[in-house]
Amino acid sequence: MPWEDQFECMPAEKMQAFQLKKLKETLEWVYEKIPFYRKKLDENGVKPADIQHVRDLAKLPVTVKNDLRDNYPFGLCAVPMEQLVRIHASSGTTGKPITGPYTAEDLEQWTQCMTRNLWAAGIRKTDIVQNAYGYGLFTGGLGFHQAATRIGCAVVPTSSGMTERQITLMKDFGSTVLFSTPSYALTIAERAEEMGVDIRDLPLRVGVFGAEPWTTAMRDEIQERMGIKAMEAYGLTELCGPGVAFDCEAQDGLHINEDHFLAEIVDPVTLEPLPLGEPGELVFTAIQRRAMPMIRYRTKDITRLRREPCACGRTFIKMDKITGRSDDMLIISGVNVFPSQIEALLLDVEEVLPQYVLVVRKKGHLDQLSVRVEAKPEVYDQGEEKRGQVEKKIGAHIQGMIGIGVKVELLAPKTITRSEGKALRVIDERPKG
Ligand code: ADP
Ligand code: ZN
């Protein structure tokens with residue numbers, strides 16, 4: 001049974017009526033309280049009252065990260081400071097940070113959304129939960145913490161880093177659940193192997209991973225190496241943090257908390273809404289937040305939506321695993337490539353470790369992609385000739401599957417910096433312009 005089955009299993013028609021009501025309230029609210037939205041709606045010639053159906057969303061202008069940066073810190077906040085009980089922030093990769101303000105009601109709803117996620121992952125009050133997401137301004141640490149506390153788990157707030165201590169505590173406390181980024185889970189698995197600890201022998205049984213793109217192949221690798229079920233969480237600071245979408249026991253797509261977040265897929269170039277099932281950029285409207293509602297926020301995340309019955313009984317629409325951020329999409333010899341496609345192929349190769357980084361350079365007018373991946377120690381030790389063969393094999397595999405020529409560099413084990421949070425997968429050395 002889901003955590004809040006009255007919402008999670010709500011029949012479609014009832015859900016649509018609920019969404020429309022909340023959407024209208026939110027539009028009235030932002031129009032009245034946030035000059036940025038009033039101006040934008042006026043410029044586009046729409047009034048909140050023009051929205052009579054959820055699909056009328058497409059009439060509204062989109063919001064982008066730069067709008068949040070331009071209105072830093074509180075320009076998009078609809079309530080006076082005294083009503084805020086928490087302020088998170090995300091630094092992103094460049095430029096000014098963006099803020100995530102919460103009223104008490106927002107915090108409560110966020111906790112509920114995230115609790116649905118953990119509950120769906122099978123986490124219960126008897127669990128000992130090791131939370132290796134970073135605590136602080138990042139929404140991951142506290143977002144997971146609050147929800148696990150609500151279920152009644154014993155939460156161990158390790159935060160990220162100090163990997164050896166993570167493993168010692170995991171052993172000593174008998175942690176049954178791990179929260180971290182998928183890349184940090186791999187770092188922990190690897191360090192444990194070096195310490196002679198087999199995580200598969202420990203009580204750990206489930207992980208809830210998110211905050212960065214990862215492939216199904218990576219999920220299998222983590223499940224196998226840790227002997228756990230690897231579940232997923234998706235979210236972003238602009239909408240609350242983790243708790244926007246989550247997978248269920250079917251492990252087949254992520255259910256979106258659609259009583260809170262309306263999802264659309266648009267063409268990232270034309271911004272035209274795309275039909276259900278088509279891949280494109282995910283756009284969200286947050287319809288229950290008070291401090292900082294979001295109207296048609298462009299996430300830059302690429303995926304597709306599916307509406308279909310799920311074995312778990314939830315009626316929430318599903319999204320596929322995120323393929324990548326449109327920012328990370330590479331165009332190599334005219335072919336669009338996401339780092340996740342390369343990741344999936346590398347995980348097919350038995351001679352390498354799941355540690356890689358992609359380097360893009362300009363060679364003449366062309367973009368050139370180098371795939372740096374670590375060899376397994378026993379492969380690396382066989383010498384240069386063997387390494388050359390493996391590099392060729394990987395290059396041919398990528399050429400055969402994606403149709404692009406890449407330069408493969410097999411690295412010695414442990415040369416790539418291990419991730420403790422969001423992994424750095426792409427180094428772009430092309431001149432900026
Ligand atoms: P930042 O923008 O600084 O990375 P956030 O922590 O708010 O700050 O990150 C949100 C982003 O993280 C999402 O837009 C998405 O790109 C990524 N993300 C979060 N969860 C997942 C997930 N399960 N799968 C893929 N990407 C994810
Ligand atoms: Zn389901």
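# A guided tour of the model

The structure holds 41 salt bridges. It is a predicted model. Keep it open and select along.

**Stop 1: Glu8 and Arg116**

Select Glu8 and Arg116. Their side chains meet in a salt bridge, 4.0 Å from N to O. Now colour helix H1, residues 5–8, and helix H5, residues 104–120; Glu8 sits in H1 and Arg116 in H5, so this pair ties together parts that are 108 residues apart in sequence. Are the two residues buried or exposed? Both Glu8 and Arg116 are buried.

**Stop 2: Asp127 and Arg205**

Next, select Asp127 and Arg205. They form a salt bridge, and the closest N and O atoms are 2.8 Å apart. This pair links distant parts of the chain, 78 residues apart. Asp127 is in the loop between H5 and strand E3 (128–131). Arg205 is in the loop between helix H8 (182–194) and strand E6 (206–210). Show the surface and check each partner. Asp127 is buried, with a relative accessible area of 3%. Arg205 is partly exposed, at 36%.

**Stop 3: Lys300 and Asp327**

Move on to Lys300 and Asp327. Their side chains meet in a salt bridge of 3.3 Å, N to O. Lys300 lies in strand E12 (residues 294–303), while Asp327 lies in the loop between strand E15 (324–325) and strand E16 (330–332), so the pair ties together parts 27 residues apart in sequence. Lys300 is partly exposed, with a relative accessible area of 33%.

**Stop 4: a network**

Select six residues together: Asp252, Arg304, Arg306, Glu308, Lys318 and Asp320. Show their side chains. These residues are linked in a network of salt bridges.

**Stop 5: ligand 1**

Centre the view on ligand 1. How many residues surround ligand 1? The count is 19, and the closest are Glu232, Ala233, Thr237, Asp301 and Arg325. Which strand gives the most to this shell? Strand E7 (residues 229–236) does, with 5 residues. By type, the shell divides into 7 nonpolar, 5 polar and 7 charged residues.

Now look at individual atoms. Start with Ala233: one of its polar backbone atoms is 2.7 Å from a nitrogen atom of ligand 1. Then pick Asp301. An N or O atom in the side chain of Asp301 is 2.6 Å from an oxygen atom of the ligand. Finish with Lys422, where a polar side-chain atom lies 2.9 Å from an oxygen atom of ligand 1. How much of the ligand does the protein cover? On its own, ligand 1 has 570 Å² of accessible area, and the protein covers 94% of that.

**Stop 6: Thr158**

Select Thr158. Look for it in the loop between strand E4 (154–156) and helix H7 (163–173). Thr158 is buried, with a relative accessible area of 7%. Show its contacts. The side chain of Thr158 reaches the backbone oxygen of Asn131 at 3.1 Å. A polar contact of 3.0 Å also joins the side chains of Thr158 and Gln166.

**Stop 7: cysteines**

Show the cysteines. How many disulfides does the structure hold? The number is 0. Zoom in on Cys77. Cys77 is in no disulfide; the nearest cysteine sulfur belongs to Cys240 and is 15 Å away. A disulfide needs two sulfur atoms within 2.5 Å. Cys77 is buried, with a relative accessible area of 13%. Cys310 is buried too, at 12%.

**Stop 8**

Cys240 is found in the loop between E7 and strand E8 (241–247). Cys240 is buried, with a relative accessible area of 2%.

Select Leu271. Here phi is positive, about 65°, although the residue is not a glycine. Leu271 is found in the loop between strand E10 (261–266) and strand E11 (280–286). Leu271 is partly exposed, with a relative accessible area of 27%.

End at Tyr72 and Pro73. Is the peptide bond between them cis or trans? The bond is cis, with omega near -5°. Pro73 lies in the loop between helix H4 (65–70) and strand E1 (84–90).

Note on methods:
Residues are numbered from 1 along each chain as its sequence is written. Chains are lettered from A and ligands numbered from 1 in the order in which they are written. This is a predicted model: local features need pLDDT of at least 70, side-chain atom pairs count only at pLDDT 80 or more; totals for chains, interfaces and linings use all residues. Side-chain values use heavy atoms; hydrogens and water are left out. A residue is near a molecule or strand if one of its heavy atoms lies within 4 Å of it. A polar contact is a pair of N or O atoms within 3.5 Å; within protein, one must be able to donate a hydrogen and the other to accept it, and residues adjacent in sequence count only if both atoms are side-chain atoms. Accessible areas come from the Shrake-Rupley method with a 1.4 Å probe; for residues, only the protein chains shown count as cover. Helices (H or I, at least four residues) and strands (E, at least two) are DSSP runs, numbered from the N terminus. Ala, Val, Leu, Ile, Met, Phe, Trp, Tyr, Cys and Pro count as nonpolar, Asp, Glu, Lys and Arg as charged, and the others, Gly among them, as polar. Buried means under 20% relative accessible area, exposed over 50%, partly exposed in between (1.4 Å probe, protein chains only).
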